[in-house]
Amino acid sequence: MRTRWNALSRQTQAVIGLAVAFVLFRTIVASLSGFGFHQGWNEGHYALLGSGFLDHPLVPRYGDQAVYSVPPLFPYTVSVSFLLFGESVLAARLPSILATGGLILCTYELGREVFADHSTAAIGAVILATLPYIQLYGGRAQTDIMMVFFITAAITSILKGYRQETGWLYWLAIGAALFAAAVATKQPALGVAGVIFSWFLGNK
């Protein structure tokens, strides 16, 4: 393990450290307030759906009322968090916190693919981690951050596949699965299909 860590570039080590620090910091902050702070109704909405999945794994519910208008993936992650750690505000927010840590890492990897430079990629990851939007929503029980994480991971995987002569199908399949996960998290992710298609046309 130490050998693998030492083999990483300093920029990669720094970004991993940043992602871990963000997760730890947001975990502490997430435990200090209830759902009443900033769009608490929305957090409570997803927490209730996650709790409902514990009793009815295939049907999203508020108590006895079925709700079919919400993409299922995020409430499922909340439900798994509840199953592992018990039902609490922190457990409801944990999926978004972990997704933000993953988003920081994916942003770095995407930067390496696009710019072929570790330092530029690391700067991009740092800028992302300090954005007010990320600081606010990176620790809330809402779908936005998880959708952005899956979108960024999908674009990174598709770009890797596009640039490889061998193994490209593997990366494209991963990218497709991640894009499907983004759509299953929040519907606006469908718009990314147009962005990816336009990029392919521009790089033919």
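Residues are numbered from 1 along each chain as its sequence is written, and side-chain values use heavy atoms, with hydrogens and water left out. Because the model is predicted, local features need pLDDT of at least 70 and side-chain atom pairs count only at pLDDT 80 or more, while totals for chains, interfaces and linings use all residues.

**Helix 2 and helix 6**

Begin by selecting residues 10-30, which form helix 2, together with residues 118-130, which form helix 6; helices here are DSSP runs of H or I with at least four residues, numbered from the N terminus. Their axes lie 9 Å apart and the helices pack at an angle of about 10 degrees, where axes are lines fitted to C-alpha atoms over the stretch in contact and angles run from 0 to 180 degrees between N-to-C directions. Helix 2 and helix 6 are therefore roughly parallel to each other, a term for angles under 35 degrees. Helix 2 passes helix 6 in a left-handed crossing, meaning that the near helix is turned anticlockwise from the far one by less than a right angle. To see the contact (heavy atoms within 4.5 Å), show Gln11, Thr12, Val15, Leu18 and Phe22 of helix 2 with His118, Ser119, Ala122, Ala125, Val126 and Ala129 of helix 6. These residues divide into seven nonpolar, four polar and no charged, with Ala, Val, Leu, Ile, Met, Phe, Trp, Tyr, Cys and Pro counted as nonpolar, Asp, Glu, Lys and Arg as charged, and the others, Gly among them, as polar.

**Helix 5 and helix 8**

Next select helix 5 (residues 89-115) and helix 8 (residues 144-163). They pack at an angle of about 30 degrees with axes 8 Å apart, which makes helix 5 roughly parallel to helix 8, and helix 5 passes helix 8 in a left-handed crossing. Among the residues that meet are Ala99, Leu103 and Glu113 in helix 5 and Phe149, Thr152 and Lys160 in helix 8. The residues of this contact divide into 13 nonpolar, six polar and four charged.

Not counting residues up to four places away in sequence, Met147 touches Ala182, Thr185, Lys186, Pro188 and Ala189, and the C-alpha atoms of Met147 and Thr185 are separated by 5.7 Å although they are 38 residues apart along the chain. Ser157, also found in helix 8, counts as buried at 5% relative accessibility. Leaving aside its neighbours within four places in sequence, Ser157 is in contact with Trp171, Ile174, Gly175 and Leu178.

**Aromatic pairs**

The structure holds five aromatic pairs, defined by ring centres within 6.5 Å for Phe, Tyr and Trp (its six-membered ring), with planes under 30 degrees apart called stacked, over 60 edge-to-face and the rest tilted. One of them is Tyr46 with Phe74, an edge-to-face pair at 5.5 Å centre to centre and 85 degrees between the planes. This pair links Tyr46 in helix 3 (residues 40-55) with Phe74 in helix 4 (residues 73-85), 28 residues apart. Tyr46 counts as buried at 11% relative accessibility, and Phe74 at 0%. Then select Phe149 and Phe150, a tilted pair at 5.1 Å and 45 degrees; Phe149 and Phe150 are both buried.

**Last stop: Val80**

Finish at Val80 in helix 4, which is partly exposed, with a relative accessible area of 45%.

Technical notes:
Helix = DSSP H or I, 4+ residues; strand = E, 2+ residues; numbered from the N terminus. Parallel < 35°, antiparallel > 145°, perpendicular 65-115°, else oblique. Buried < 20%, exposed > 50% of the residue type's maximum accessible area, 1.4 Å probe, protein only.
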